[in-house]
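Here are my notes for you on this one.

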Amino acid sequence: MASYLAVFTLVVVFLASAEVSMAVTCTPTELSSCVGAITSASPPSKLCCSKIKEQKPCLCQYLKNPNLKKFINTPNARKVASTCGTPFPKC
């Protein structure tokens, strides 16, 4: 029984460390490939969609920043995110 507990503990520690190592760095400029789609009616590129998905954990942080909010909290930005399959989180 103790060996099962030891294995379980190791698995939990491994998964926790894997989660930490996969943390995203919040960099708003990573969304620069989406500017065209956000400012016009053009569809988002694959690169834009991958960047939105990558930066999704940061969107609430961006929405709290007054300098970024005016660009990110728009109907077009929400449409682009939704088109990419990454709807905006409720912050």
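1. Start at C91, which is exposed, with a relative accessible area of 59%. For these labels, buried means under 20% relative accessible area, exposed means over 50%, and partly exposed is in between (1.4 Å probe, protein chains only). C91 is joined to C60 by a disulfide, S to S 2.0 Å; the term stands for a pair of cysteine sulfur atoms within 2.5 Å. C60 is in helix α4 and C91 in the segment after α6, 31 residues apart, and the pair links distant parts of the chain. The link of C60 and C91 is left-handed, with -90 degrees about the S-S bond.

2. A word on what you are looking at. This is a predicted model, where local features need pLDDT of at least 70, side-chain atom pairs count only at pLDDT 80 or more, and totals for chains, interfaces and linings use all residues. Residues are numbered from 1 along each chain as its sequence is written, and side-chain values use heavy atoms, with hydrogens and water left out.

3. The protein has six helices and zero strands, so the elements read α-α-α-α-α-α from the N terminus on; helices (H or I, at least four residues) and strands (E, at least two) are DSSP runs, numbered from the N terminus. Of the 91 residues, 23% are buried. Take contacts (heavy atoms within 4.5 Å) between residues at least 6 apart in sequence: 65% of them join residues at least 24 apart.

4. How many disulfides are there by the sulfur rule? The count comes to four. If you count the bonded cysteines along the chain, the pattern is 1-5, 2-3, 4-7, 6-8.

5. Next, look at C26 and C58, which are joined by a disulfide with S to S 2.1 Å. C26 sits in the loop between α1 (2-21) and α2 (35-39), C58 in the loop between α3 (46-55) and α4 (59-64), and this pair, 32 residues apart, links distant parts of the chain. About the S-S bond the value is -85 degrees, making the link of C26 and C58 left-handed.

6. Another one to find is C49 to C84, with S to S 2.0 Å. C49 belongs to helix α3 and C84 to the segment after α6 (75-83); they are 35 residues apart and link distant parts of the chain. C49 is buried, with a relative accessible area of 14%, and C84 is buried too, at 5%. This link is left-handed, with -70 degrees about the S-S bond.

7. C84 turns up again in the largest nonpolar core, a group of 16 residues in which C48, I52, Y62, I72, V80, C84 and F88 touch the most other members. Helices α3, α4 and α6 each supply at least two residues of this core. Such a core is a set of buried Ala, Val, Leu, Ile, Met, Phe, Trp, Tyr and Cys residues joined through side-chain atoms within 4.5 Å. In soluble globular proteins, nonpolar side chains tend to be buried together. Click on I52: leaving aside neighbours within four places in sequence, I52 is in contact with L31, C34, V80, A81, C84 and T86.

8. Is Q55 buried or exposed? Q55 is buried, with a relative accessible area of 0%. The Q55 side chain reaches the backbone oxygen of T25 at 3.2 Å. Not counting residues up to four places away in sequence, Q55 touches V24, T25, C26, T27, P28, E30, L31 and Y62.

Methods:
A polar contact is a pair of N or O atoms within 3.5 Å; within protein, one must be able to donate a hydrogen and the other to accept it, and residues adjacent in sequence count only if both atoms are side-chain atoms.
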